[in-house]
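This report describes cavities and pockets, salt bridges, a disulfide and annotated spans in turn. Please keep the sequence and the model in view while reading.

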Amino acid sequence: MGSFNTSFRQDFVLVGFSDFPQLELILSVFISIFYSLTLFGNSTIIILSQLDVCLQTPMYFFLCHLSFLDLCYTTSIVPQLLVNLQGYDRTISYGGCVAQLFLFLALASTESVLLVVMAFDRYAAVCRPLHYTTIMNPLLCLSLAITSWVGGFMNSLIQTSLMMTMPLCGHQLNHFFCEMPILLKLACEDTEGTEAKMFVARVVILIFPVTLILGSYANIAHAVLKTKSMAGCKKALGTCGSHLVVVSMFYGAAIYTYLQPKGSYSESKGKFVALFYTIITPMLNPLIYTLRNKDVKGALWKVLGRGKDSE
C-alpha cells in the first residue's frame with residue numbers, strides 16, 4: 001500500500017485491454033491505422049496553411065493550432081498504448097505517469113479553450129462580416145491563441161498538483177494511460193476537499209466554454225435566420241456546421257468522463273470512451289473540417305500541381 005506522492009520508487013501497471021485479450025490484436029491494427037491517418041491529416045492541414053496564401057486567415061490560423069494539439073496529445077498516448085497492446089511492457093514509472101497526466105490534461109484543456117476561440121471567430125465572420133478583418137486582426141488572433149495555451153496548461157498544473165497530494169492505494173491502473181478518473185478511483189483516504197477543488201476546475205474548463213460556444217452559435221443562428229440570401233445562409237451553415245460537429249464530439253466525451261461522480265465511473269467503459277477522444281476524434285477532425293471545404297481542396301491541388309510541374 002503506497003501513496004501517489006511517495007510512490008516514485010515503484011512503477012504503475014497499466015492493465016490496458018489485457019482483460020479483453022481477443023481484442024488486442026484487432027485494436028493494435030486499427031489504432032496503428034488511425035494514428036497514421038491522424039499524423040497525415042493534421043500535418044497536411046498545418047503544411048497547407050503555411051504554403052497557401054488563401055489559407056492564411058484567422059480561421060485556418062486557429063485550425064493549425066487545433067491540428068497541432070491533436071498531433072501532440074495523440075502522440076502522448078498512442079505509442080505507449082501500442083506497446084501495451086503487444087504485451088511487451090505494461091508498466092509506467094511514477095515520473096512518466098505524472099508527466100503523461102499533466103501533458104494530456106494540458107493539451108485537452110487547451111483544446112477546450114481553443115474551441116471557444118474558434119466559435120468566436122465564426123461569430124465575428126457571420127454576425128459582423130463588414131468588421132471581421134478589423135475585429136480578428138493578427139494581434140488579437142495571436143493573443144487568443146496564447147491565452148488558450150496558457151489557460152490549458154494552468155488548469156492542468158492545478159489539477160495535477162492536487163492529484164499528486166492524494167494518497168493512492170495500489171499501483172494497478174485499469175486503463176491504457178494515466179488518466180484522472182482512474183487515478184481518483186485509487187484514492188484510499190477521505191479526499192473530498194481535494195476532489196471538490198478538482199471538480200470545480202473541471203467544471204470551469206468544460207461547462208464554461210460550452211456555455212460560451214452555445215451563446216455564440218445562438219447568435220449565429222439568429223443572424224442566419226434573418227438573412228434573405230439562401231446562398232449566404234448555406235455558406236454560414238457550412239462554415240459553422242463542421243465546428244459544431246467537432247464541439248459535440250469533444251465536449252460530449254469529456255463531460256461524460258470527467259464530470260460524472262467517482263462512484264459511478266466504469267473502468268471498462270471508460271477505456272473504450274477514452275479510445276474515442278484520444279484516437280478517433282483527432283483522426284476525424286481534419287476530415288470534418290476539410291471534407292466540404294473548397295479552400296483546402298484548392299490549396300491541396302495547387303501543391304500537388306506544383307509537385308508535378310517540378311518533376
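This is a predicted model: local features need pLDDT of at least 70, side-chain atom pairs count only at pLDDT 80 or more; totals for chains, interfaces and linings use all residues.

What volume does the largest cavity have? The largest cavity has a volume of about 200 Å³.

## Basis of the report

Numbering runs from 1 along each chain as its sequence is written, and side-chain values use heavy atoms, with hydrogens and water left out.

## The largest cavity

Rolling a probe the size of a water molecule over the atoms shows where empty space is left. Here a 1 Å grid over the protein atoms alone was used; a cavity is a set of points where a 1.4 Å probe fits but cannot get out, whereas a pocket is an open set with protein on both sides within 12 Å along at least five of seven lines. Lining residues have an atom within 4 Å of a point. Grid points are joined across faces, edges and corners, and the volume is the space filled by probe spheres set on the points. Under this rule there are 2 cavities of 30 Å³ or more.

Helices (H or I, at least four residues) and strands (E, at least two) are DSSP runs numbered from the N terminus. By class, the lining holds 10 nonpolar, 4 polar and 1 charged residues. In this scheme Ala, Val, Leu, Ile, Met, Phe, Trp, Tyr, Cys and Pro are nonpolar, Asp, Glu, Lys and Arg are charged, and the others, Gly among them, are polar.

## The second largest pocket

The second largest pocket contains about 370 Å³ of space. Of its 15 lining residues, F40, T44, L287, T290 and L300 are the closest to the centre. At least two lining residues come from each of α1 (21-51), α10 (267-290) and α11 (294-310). The largest share, 6 residues, belongs to α1. The lining comprises 11 nonpolar, 3 polar and 1 charged residues.

## Salt bridges

A salt bridge is taken as a side-chain nitrogen of Lys or Arg within 4 Å of a carboxyl oxygen of Asp or Glu, and the count by this rule is 3. In one of them, D19 pairs with K271, with 3.0 Å between the closest N and O atoms. D19 is in the loop between β1 (12-14) and α1, while K271 is in helix α10, and the two are 252 residues apart. Relative accessible area (1.4 Å probe, protein chains only) is called buried under 20%, exposed over 50% and partly exposed in between. D19 is partly exposed at 36%, whereas K271 is buried at 0%.

A further salt bridge joins the side chains of E24 and R90 at 3.2 Å, N to O. Because E24 lies in helix α1 and R90 in the loop between α3 (78-86) and β2 (91-92), this pair ties together parts that are 66 residues apart in sequence. E24 is buried at 12%, and R90 is partly exposed at 22%. D121 and R122 also form a salt bridge, at 2.7 Å, N to O; both of these residues are buried.

## Disulfide and other cysteines

The structure holds 1 disulfide, defined as a pair of cysteine sulfur atoms within 2.5 Å. This bond joins C97 to C178, with an S to S distance of 2.1 Å. The link of C97 and C178 is left-handed, with -120 degrees about the S-S bond. Since C97 belongs to helix α4 and C178 to the loop between β3 (172-173) and α7 (180-184), the pair ties together parts that are 81 residues apart in sequence. Both C97 and C178 are buried.

C64 is buried as well, with a relative accessible area of 10%, and C127 is buried at 15%.

## Annotated spans

An unreviewed UniProt entry gives the annotation "transmembrane region" to residues 25-48, 60-78, 98-118, 139-158, 199-225, 237-259 and 271-291. UniProt positions are given in the numbering used here, feature names are shortened, and annotations may be inferred rather than shown by experiment. In the model, residues 25-48 are 100% helix and 0% strand, with end C-alpha atoms 35 Å apart. Residues 60-78 are 89% helix and 0% strand, and their end C-alpha atoms lie 26 Å apart.
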